[in-house]
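This report describes how the parts of one protein model are arranged. Please keep the sequence and the structure in view while reading.

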Amino acid sequence: MVFKYKPSGVCSREITIDVNEENETVNSVSFVGGCNGNLKGIGALVKGKSIDEIIEALEGIDCNYKGTSCPDQLAKALTQIQEQL
């Protein structure tokens with residue numbers, strides 16, 4: 001299932017997440033806006049990983065003292081998705 005998330009407090013404007021509902025893993029992640037190369041890298045690194053594993057790794061990462069970051073926003077999106085599954 002594909003989910004769209006509107007991040008806040010970061011440069012990216014949207015995160016699209018394709019989740020395998022059966023085993024709660026991420027098929028793909030893409031970002032609109034933000035640091036293109038870094039965010040493509042995050043998408044490649046999380047592909048095939050479990051939602052729990054991604055949240056644990058990315059939650060709380062800060063970007064330039066904003067109190068959040070694109071990886072942290074991805075963790076927040078995955079937390080919301082997990083609550084819906």
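Which residue follows α1, and is its phi positive or negative? The residue after α1 is Gly48, and its phi is positive, near 85 degrees. The model discussed here is a predicted one.

Helix α1 has four buried residues, namely Leu39, Ile42, Gly43 and Val46. Around the axis these residues cover an arc of only 100 degrees, which puts them on the same side of α1. They pack against β3, α2 and α3. The other side of α1 carries the exposed residues Gly37, Lys40, Ala44 and Leu45.

Helix α2 spans residues 51-58, and its buried residues are Ile51, Ile54, Ile55 and Leu58. Viewed down the axis of α2, the buried residues fall within an arc of 100 degrees, so they line one face of the helix. The cover over these buried residues includes β2 (14-20), β3 (25-32), α1 (36-46) and α3 (70-84). Glu56 and Ala57 are exposed, on the face of α2 turned away from its buried side. Just after α2 comes Gly60, which takes a positive phi of about 90 degrees.

**A buried and an exposed residue**

Two residues illustrate the terms used above. Val19 lies in strand β2, and Ala44 is found in helix α1. Is Val19 buried or exposed? With a relative accessibility of 1%, Val19 counts as buried, because the term applies to residues under 20%. Ala44 has a relative accessibility of 54% and therefore counts as exposed, the cut-off being over 50%.

Setting aside its neighbours within four places in sequence, Val19 is in contact with Met1, Phe3, Thr25, Asn27, Ile51, Ile81 and Leu85. One of these, Ile51, is a buried residue of α2.

The table gives C-alpha separations for a pair containing each residue.

| Pair | Separation along the chain | C-alpha to C-alpha distance |
|---|---|---|
| Val19 and Asp72 | 53 residues | 18 Å |
| Ala44 and Gln73 | 29 residues | 16 Å |

In soluble globular proteins, nonpolar side chains tend to be buried together. In this model, the largest nonpolar core has 22 residues, and those touching the most other members are Ile17, Val26, Val29, Phe31, Val46, Leu74 and Leu78. Two or more residues of this core come from each of β1 (2-5), β2, β3, α1, α2 and α3. Helix α3 supplies the largest share, 6 residues.

Which residues are in contact with Val26, leaving aside its neighbours within four places in sequence? They are Ile17, Asp18, Val46, Lys47, Gly48, Lys49, Ile51, Ile54 and Leu78. Among them is Gly48, the residue with positive phi that follows α1.

**The largest pocket**

The largest pocket holds about 160 Å³ of space. Its lining consists of Val10, Cys11, Cys35, Asn38, Leu39, Ile42, Cys63, Lys66, Ser69, Cys70 and Pro71. The elements that give two or more residues to this lining are α1 and α3. Helix α1 gives the most, with 3 residues. Sorted by class, the lining has 8 nonpolar, 2 polar and 1 charged residues. Leu39 and Ile42, which belong to the lining, are also among the buried residues of α1.

Terms used
Residues are numbered from 1 along each chain as its sequence is written. This is a predicted model: local features need pLDDT of at least 70, side-chain atom pairs count only at pLDDT 80 or more; totals for chains, interfaces and linings use all residues. Side-chain values use heavy atoms; hydrogens and water are left out. Buried means under 20% relative accessible area, exposed over 50%, partly exposed in between (1.4 Å probe, protein chains only). The arc is that of the directions from the helix axis to the C-beta atoms. Contact means heavy atoms within 4.5 Å. On a 1 Å grid over the protein atoms alone, a cavity is a set of points where a 1.4 Å probe fits but cannot get out, and a pocket is an open set with protein on both sides within 12 Å along at least five of seven lines; lining residues have an atom within 4 Å of a point. Grid points are joined across faces, edges and corners, and a volume is the space filled by probe spheres set on the points. Ala, Val, Leu, Ile, Met, Phe, Trp, Tyr, Cys and Pro count as nonpolar, Asp, Glu, Lys and Arg as charged, and the others, Gly among them, as polar. A nonpolar core is a set of buried Ala, Val, Leu, Ile, Met, Phe, Trp, Tyr and Cys residues joined through side-chain atoms within 4.5 Å.
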